[in-house]
Amino acid sequence: MAHKPIDITPDPKVLVALTRTPILPIDALSELIDNAIDSFRAAATSGAPSGVRQVIIEVPGSAEVARGEGMIRVRDTGPGLTEEQIADSMRAGYSSKNHYDTLGLFGMGFNIATGKLGRVTRVISAREEDSHAIQVTLDLPELMQSQTFTARAEQIEKPQGLRHGTVVEIRDWWPDGDANSGFIRELAKMPKNTLRKRLGRRYATLLRPDAADPVVIMVNNDRCQAFEHCVWSPDRFVERKAYGKIPARISFDQVISSARRCLHDGTDFGEHGTCPRCGGTESREISHRVRGWVGIQRFDDQNDFGIDLIRNGRAIRQAEKAAFFEFSDETSGRVEREYPVDQQYGRIVGEVHLDQVPVDFQKQHFQLASDEWQEAVGFLRGGSLLPNNWADGKANDSPVSLLFQGYRKVRNFGRGDMYMGKYNPAKGKADRIPRSVEEEYYRRFLNREPGYHSDAKWWELVETAAEPPIQVLPECPECGFQNTPTAEECGGCGEVLDGKPCLDAGCGKQILRSATVCPHCGTSQVPRVQLPWKCTFCAQENKAGADRCEQCGHVKDAPHPASPASLNSASADAEELGAEQLAVVLADGRTSSPLDVRVRTTHRPILPAFGQAAVPLVTSADTRQITVYIDPTHVVFTAMGLRPEFLVATEVAQFLHSLHRNLQGRPGHTAAVLTAEVLKKGWGDAVTDSPDGVRSDIKSLFDQITERILRAPHADRFYDELDEAQQLALAGSMIKSGADLAELGRLKSTGGYLRYCDRDTVSAFFGRHPEGWFNGLVWEDPWPSESEAGTVIARKLQEDLRVKYLRCLEDCASYLRYDQPERLIVVRARAAVDFLAGKLA
């Protein structure tokens, strides 16, 4: 296919290094988008508008750019360009466009944008009426080397899907060390969602579906969404005495002047028939129109406010503040900020179209010295926003000034200053709504949720801000009585309405929140400050916060182990050892006052002090009752043969002896004499036992134990622990009982073989596996838990408990081997069987 050279020699005035022009990467990309949008506008002007107005952009990722791969591609669905139009577009400094209807400035803008991004640019354009497309490649390194300033143009087949439109492709990134080497990297590393959001703000008025000629912009296959200001609707307003109702959104579309301008360089023709600058005769009447709106954002912010200034659909200035909220005093030459001045937050926003106002070379700002800019700003904001700077009789009623006068302060939350609030009963007025609520509402606005995208839900918090909530009298759930909101208890039935649990975990009942003492258990509800504490058992000083004594492991604040408070929970009543209304004759002939003797047997040793040996009993007494806590497994009962009744009688006698100190020195008023009287009156013949009676009770006890231990853990495994003599004794017992020895296998697995074991074997089973006998299986006493008492103390208590019960079992088992036991053996066996029988579950 024939190649045809195209002359792109630049004008002398722009023979500069255009690629070194300082712009941002997104501005370079926007230049290409502007040219695409201009093609849509040109098609509409020519009477053949594009059916689909799309700009499809592809931007490489950081990894591709780092490898020197990928390209930027910007494709539009415009009418396409002729070969001559492509040549003009690439000629630096040339532009056939007028200054008022277009965004891009083909020539300077195109060369800067493409040259900043990469070294090679290819343009492919196709028109609907042509059967071919035009392709032109601009290779900057090649041009600089040849100094010919020509580019290759060729006719090619239309690429698939390109019936009409233009594609601009940029590749061959600038190498490291070049001033532009980091330019494409900045664009490539920008998150694509961030890039879409920034373009969505820049071209918001073109992207909205309700735009006159909406445009679709795609970045890497995802659509850019138009930015939306979160503003109050026009029917919301505040009232000010000097201005009346000031709406929250003011719209305008005003022609403020007009001029005949040269189509080539924009010069005002004035009274001339030709352009004073270029001599051209082509001109058009330009209306200097200001259209758009300014309004009040639903929330205020330190930075997120200001007015977007738009030219032909592109926001040239976003959130502009200086032009509208600063005042230049011509007299002093000083620039003063006027808004926000009453606080640090602002909420005036807007979108204003200034299509006729020229922009600077880089399209970063409007030309502030131009007449068009001055008259537009004068219409929008007038002079000073502060009334004390106004000339007499000349109020500033511009749109921005009206919003300033109505919404400059946010002090009266609610309808007063039109700001969301919440009523504060303590102040009797509204407080500002928390910023977290604003953030939540704004998130729901962005999600376009009904009521939040519109201002309906926001307005509810404005209308109700200054209104005290209707006081609802809470009803008692028990009786339905209506109480005041601050009532802690029901005035009808006394039910606790506003309560707290008692600090005493053992009580735990709900009490009034203001209570300082629990009415149920008397526990103080004032939290205690933790201080160093002394152990009630060993008197060790412990650090604040320690739960157990460092020396003995005793629980903090737990009562002494030998105190009634502790022994009550570790003992059970032994009614057979007690006596009611016990009275004896004293040394002076009078009878003592009746005394109830209550005996409780403990299931653990009684330790009088840390490090000391256990004692057989302790006593608690008052004038009407004496309580004796007795350990029936103590050595004095199991080894020495003393009956518990004797020591109980001794405690009662000692109490009576000390109670009647006035009888001191009289014959007969001794502990021994009183013990004999108490024993005779309280227990009489019960303290004597026949050998056969003890033997009968022991056999009955072992029968009850045997039936219980069939379910004990380790019963099946214990058979394997029997020695030869025990196994022979078991077999003999089964034969004697008529049992089938073939059943032994089944009896082993169920524990049933234990029915045929002798008493010594049963005792041995307990000695090896005692833990399963407690907690209600055989004995009612609990097996000490390591989680509750701690490992050291629990293991000590477990061993003491095992030895205590084992000795009693062995005493009972050995007693059955005697035909004529001595008295001391009878007494010892009686103590053992009584203890064990009393502990059966």
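1. At what angle do helix α18 and helix α24 pack, and how far apart are their axes? In this predicted model, the angle is about 120° and the axes lie 10 Å apart. Helix α18 covers residues 691-709, and helix α24 covers residues 791-815. Angles over 145 degrees count as roughly antiparallel and 65 to 115 as roughly perpendicular. The crossing of α18 and α24 is left-handed.

2. Which residues make this contact? From α18 come Pro691, Val694, Arg695, Ile698, Leu701, Phe702 and Ile705. From α24 come Leu809, Cys812, Ala813 and Tyr815. By class, the α18 contact with α24 has 10 nonpolar residues, one charged residue and no polar ones.

3. Gln798 also belongs to helix α24. Is Gln798 buried or exposed? Its relative accessible area is 15%. Buried means under 20%, so Gln798 counts as buried. Setting aside neighbours within four places in sequence, Gln798 is in contact with Trp783, Pro784 and Glu786.

4. Helix α10 (residues 371-381) packs with helix α11 (residues 399-407) at an angle of about 30°. Their axes are 4 Å apart. Angles under 35 degrees count as roughly parallel, so α10 is roughly parallel to α11.

5. On the α10 side, the contact is made by Phe379, Leu380 and Arg381. On the α11 side, Pro399, Val400 and Ser401 take part. The residues of this contact divide into four nonpolar, one polar and one charged.

Notes. Residues numbered from 1 in each chain as written. Predicted model: local features only at pLDDT ≥ 70, side-chain atom pairs only at ≥ 80, totals over all residues. Heavy atoms only, no water. Axes fitted to C-alpha atoms, helices over the stretch in contact; angles between N-to-C directions. Helix = DSSP H or I, 4+ residues; strand = E, 2+ residues; numbered from the N terminus. Left-handed = near helix turned anticlockwise from the far one by under 90°. Contact = heavy atoms within 4.5 Å. Nonpolar A, V, L, I, M, F, W, Y, C, P; charged D, E, K, R; others polar. Buried < 20%, exposed > 50% of the residue type's maximum accessible area, 1.4 Å probe, protein only.
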